[in-house]
Amino acid sequence: MDIPYTVTARPDTGVYNAKVGIWLFLASEVMLFGGLFSAYIFLRIGAPAWPGMLGGQLYKTSFDILNVPIGTFNTMVLIASSVTIVMSWASLMMNDFGKYKRYMGLTILCGLAFLVVKAFEYNAKFSHGLFPAEGNFLAIYFTLTGLHGLHVVGGIIVNSYFWGPGSKMWKTDPKRFTNRIEVAGLYWHFVDIVWIFLFPTIYLL
Amino acid sequence: MSLKAIHIFFIALSILLALGFGIWSIYHHYLLMGVVSFLIGIALVYYGIRFLRKLRHVDMR
């Protein structure tokens, strides 16, 4: 039995089923990150100084602790990855599987580069004794960026599957495969949009 | 909403971030970072227009 509406739009929703599914999932993700952003706002409003005393030292601004150029670099990497994943989807729509492979490969590399830079950033904090338990700023910083990092890992796993073994579907059902890449692209864009809000909120303000 | 629509939204957000970050950088005396940020913002505007033109036949749903 075939799964219905994997390629054609379902009459009542106007889109194929996977797209409805990913938007429902992303709606729950908005609530998850929205809750954490709210926690950040309330912690900050209630704090006499922000970031405040951490590891026996008083910090007056978040950019005294966090490395803004590194955060900026990671932001550019994620923006570039959004461009490459859209290009991979557009390549499939133009029946160019070779280009799809190249652009999806670049997207995966961008995701990995983001994680490597983030790992260096975390390591620098830990080596200076700046752990989540030191204060509210570091607790919310590690929670938000850590959860975001886990979402990047999830995206890399899914994108790697579609780049590797999952790409066999292109030969048997190209339209459905193109829709799968669109859904993966929607998730990846959500992850990038979260970072677009995270970066100025935590690093700059 | 399609990937095309969310990508346009994302690029618009990125342009705002690039311009905002440029202002922040210059205010905090990171002149080079500010100029680079403004240039990235301009490049993103150019890219966004090109993207819209190239994929104008693709459905936004």
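Student: What makes 26% of the 61 residues of chain B count as buried?

Tutor: In this predicted model, a residue is called buried if 20 or more other C-beta atoms lie within 10 Å of its own, and 26% of the residues of chain B count as buried. For chain A, of 205 residues, the share that counts as buried is 34%.

Student: What is the secondary structure of chain A, read along the sequence?

Tutor: Chain A has six helices and two strands, which follow one another as α-β-β-α-α-α-α-α. Its C-alpha atoms fill a box of roughly 65 × 35 × 25 Å along the principal axes.

Student: Why is the set of 54 residues called a nonpolar core?

Tutor: The name applies because the members are buried residues of the nonpolar kinds listed for a core, joined through C-beta atoms within 7 Å, and the largest such set here has 54 residues. Those that touch the most other members include A:V86, A:W89, A:M104, A:I181 and A:W195. Two or more residues come from each of α2, α3, α4 and α6 of chain A, and also from α1 and α2 of chain B, while α6(A) gives the most, with 14 residues.

Student: What makes A:V194 a residue that touches A:F33 and A:H148?

Tutor: Two residues are in contact if their C-beta atoms lie within 7 Å, and A:V194 touches both A:F33 and A:H148 when residues up to four places away in sequence are not counted. A:V194 is also among the residues that touch the most other members of the largest nonpolar core.

Student: Which classes of residue make up the side of chain A that touches chain B?

Tutor: The contact takes 18 residues from chain A and 13 residues from chain B. Both α2 and α6 of chain A give two or more residues to the side that touches chain B, and the largest share, nine residues, comes from α6(A). By class, this side has 11 nonpolar, five polar and two charged residues, where Gly, for instance, counts as polar.

Conventions:
Residues numbered from 1 in each chain as written. Chains lettered and ligands numbered in written order. Predicted model: local features only at pLDDT ≥ 70, side-chain atom pairs only at ≥ 80, totals over all residues. Buried ≥ 20, exposed ≤ 12 C-beta atoms within 10 Å, placed from the backbone. Helix = DSSP H or I, 4+ residues; strand = E, 2+ residues; numbered from the N terminus.
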